[in-house]
Amino acid sequence: MSLSRRSMLKVSGAAAVAAAGGPRVQEAAAQEAVRGEPGSWGWVRNLFDLTPDSVHMSAMLIASHPRPVRQAIEEHRRGLDLDPVRYLERNNNRLTAAARQAAGDYLGVHSSHVALTDSTTMGVGLIYSGLRLRPGDEVLTTFEDYYVTHESLRLAAERTGASLRRIALFDSVEEATEDEIVSRITSAIGPSTRLVALTWVHSSTGLKIPVSSIAAAIGEVNAGRDEEDQILLGLDAVHGFGVEEETFFDLGCDFFMAGCHKWLFGPRGTGIVAISERGLAAVRPSIPSFTDDAVFTAWLKGADAPPGGNSGPRMTPGGFKPFEHIWALPEAFALHGQIGRARVAARTHDLAGLLKEALGELSGIAVRTPRDPDLSAGIVSFDVEGTHPDAIVSRLRRRGIVASVAPYAVPHVRLTPSMRNSQDEIEQVAAALREIA
Ligand SMILES: Cc1ncc(COP(=O)(O)O)c(C=O)c1O
């Protein structure tokens with residue numbers, strides 16, 4: 001197979017990456033078990049304990065923990081197992097704040113605007129069910145959004161009397177354009193539209209929507225509206241988070257919900273929500289926070305919770321948690337910072353581009369994900385003529401390639417090259433599909 005973009009995948013700045021690494025990354029680099037030049041893609045791959053006889057291309061489902069994350073979890077687990085109460089008392093405030101800070105730094109938002117959750121699903125559910133919607137308000141979403149958004153909005157509409165409207169973002173995903181997507185949304189917005197709820201990278205087709213252009217168009221509509229009638233933009237961001245470089249402000253949304261246990265390769269069972277100033281005023285918590293002192297202190301004094309003052313900590317669901325996983329979050333952000341976010345983004349796009357190119361050369365395969373890197377990220381979806389996606393995934397698994405099927409009414413086969421995959425693995429996948437298709 002000729003891979004014309006091969007040269008784009010050369011490692012650069014690898015040594016500098018390791019030198020700039022945090023203590024756990026430097027420690028990991030120093031250990032013989034982590035083979036490869038520190039910072040190289042081989043080195044990144046070896047930070048994961050993934051079985052070497054398989055091609056793991058389902059990063060979008062659930063993370064394998066890279067070594068620095070694994071080590072932090074083990075350290076905290078040991079501390080909690082030895083002396084749970086005193087370890088918690090000594091560490092909880094500091095380490096939980098550090099996790100929120102690391103997420104805020106990564107997204108370019110103040111940590112007081114970041115809530116910690118278990119998952120994308122929890123974040124989406126908390127935000128949409130906590131939104132102050134009035135009867136008669138309209139919530140706008142798309143047919144292409146995922147179950148988590150649809151179901152959260154259905155529950156929110158049922159509870160508040162708001163109406164729910166779905167539109168199609170495109171006629172054909174392969175031919176979708178930025179202008180078409182933006183104009184379909186703006187022309188669907190009506191006087192009562194109060195929320196536009198979207199997904200950054202669709203897990204069915206791999207389409208990445210132009211969030212900042214959509215936010216700018218919504219901003220123009222909002223300029224002519226009173227504050228309480230303004231439209232908020234919510235985003236299930238999970239399949240762009242840990243891949244793309246945009247900050248929260250670059251995107252321009254009000255609610256950014258993502259699990260950390262997919263492309264970020266953070267601890268399983270962790271997630272974040274970033275909320276704009278306007279968003280904080282429009283949403284209220286559903287689950288009591290354990291990290292908002294004002295509310296807790298008021299309760300201790302038998303007083304009412306102070307009005308207003310919503311924040312990321314107040315939106316963070318309380319209760320005792322698998323703390324060792326939350327406390328290991330900074331290691332995941334640090335690893336991305338140390339490898340370089342631009343390098344992670346370029347690597348993911350390059351591998352996905354190579355895969356699309358290779359699949360495009362095979363007869364009988366229809367690639368659904370747009371080729372344009374501005375309209376796609378790491379998810380690559382395709383169909384094999386005449387064969388159900390489940391059957392293709394089974395055949396790939398028999399060849400040691402872990403793909404998955406998009407759980408949508410119209411299913412596709414999905415492969416998700418990420419920073420832990422290699423060019424050779426893309427070639428293996430292409431060779432397997434050449435036999436299968
Ligand atoms: C678009 C989308 N949102 C949310 C989820 C669920 O994410 P989490 O496991 O973080 O709740 C998935 C898939 O697992 C997804 O594809």
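The centres of domain 1 and domain 2, taken over C-alpha atoms, are separated by 27 Å. Domain 1 covers 6-66 + 339-436 and domain 2 covers 90-335, with bounds that come from an automatic or database domain assignment. The model is predicted, with local features needing pLDDT of at least 70 and side-chain atom pairs counting only at pLDDT 80 or more, while totals for chains, interfaces and linings use all residues. Residues are numbered from 1 along each chain as its sequence is written, and side-chain values use heavy atoms, with hydrogens and water left out.

**Domains and annotation**

- Between the two domains, 42 residues of domain 1 are in contact with 34 residues of domain 2, where contact means heavy atoms within 4.5 Å.
- An unreviewed UniProt entry lists residues 92-404 as "domain: Aminotransferase class V"; positions follow the numbering used here, feature names are shortened, and annotations may be inferred rather than shown by experiment.
- Residues 92-404 are 42% helix and 15% strand, and the end C-alpha atoms of this stretch lie 37 Å apart.
- Helices (H or I, at least four residues) and strands (E, at least two) are DSSP runs, numbered from the N terminus.

**Salt bridges**

- A salt bridge is a side-chain nitrogen of Lys or Arg within 4 Å of a carboxyl oxygen of Asp or Glu, and by this rule the count is 17.
- Side chains of opposite charge can pair when their charged atoms come close.
- Asp254 forms a salt bridge with Arg278, and their closest N and O atoms are 2.6 Å apart.
- This pair links distant parts of the chain, with Asp254 in the loop between α10 (248-251) and β7 and Arg278 in helix α11 (residues 277-282), 24 residues apart.
- Asp254 counts as buried because its relative accessibility is 3%, whereas Arg278 is partly exposed at 30%; buried means under 20% relative accessible area, exposed over 50%, and partly exposed in between (1.4 Å probe, protein chains only).
- The side chains of Asp171 and Arg184 meet in another salt bridge, at 3.1 Å from N to O.
- That pair also links distant parts of the chain: Asp171 is in the loop between β4 (163-167) and α8 (178-188), and Arg184 is in helix α8, 13 residues apart.
- Asp171 is exposed, with a relative accessible area of 69%, and Arg184 is partly exposed at 21%.
- Glu74 and Arg77 are joined by a salt bridge of 3.5 Å, N to O, and both lie in helix α4 (residues 67-82), three residues apart, about one turn of the helix.
- A network of salt bridges links Glu74, Arg77 and Glu324.

**Surface patch**

- Phe296, Trp299 and Leu300 form a nonpolar surface patch with about 390 Å² of accessible area together.
- Patches are made of residues with over 30% relative accessible area and no salt bridge, joining like charges within 9 Å and nonpolar side chains (Val, Leu, Ile, Met, Phe, Trp, Tyr) within 5 Å; accessible areas come from the Shrake-Rupley method with a 1.4 Å probe, and for residues only the protein chains shown count as cover.
- Leu300 belongs to helix α12 (residues 293-300) and counts as exposed, at 59% relative accessibility.

**Single residues**

- Phe265 is not a glycine, yet has a positive phi of about 60°.
- Phe265 sits in the loop between β7 (255-259) and β8 (271-275) and is buried, at 1% relative accessibility.
- Ala366 lies in strand β9 (residues 365-367) and touches Ser381, Phe382 and Asp383, not counting residues up to four places away in sequence.
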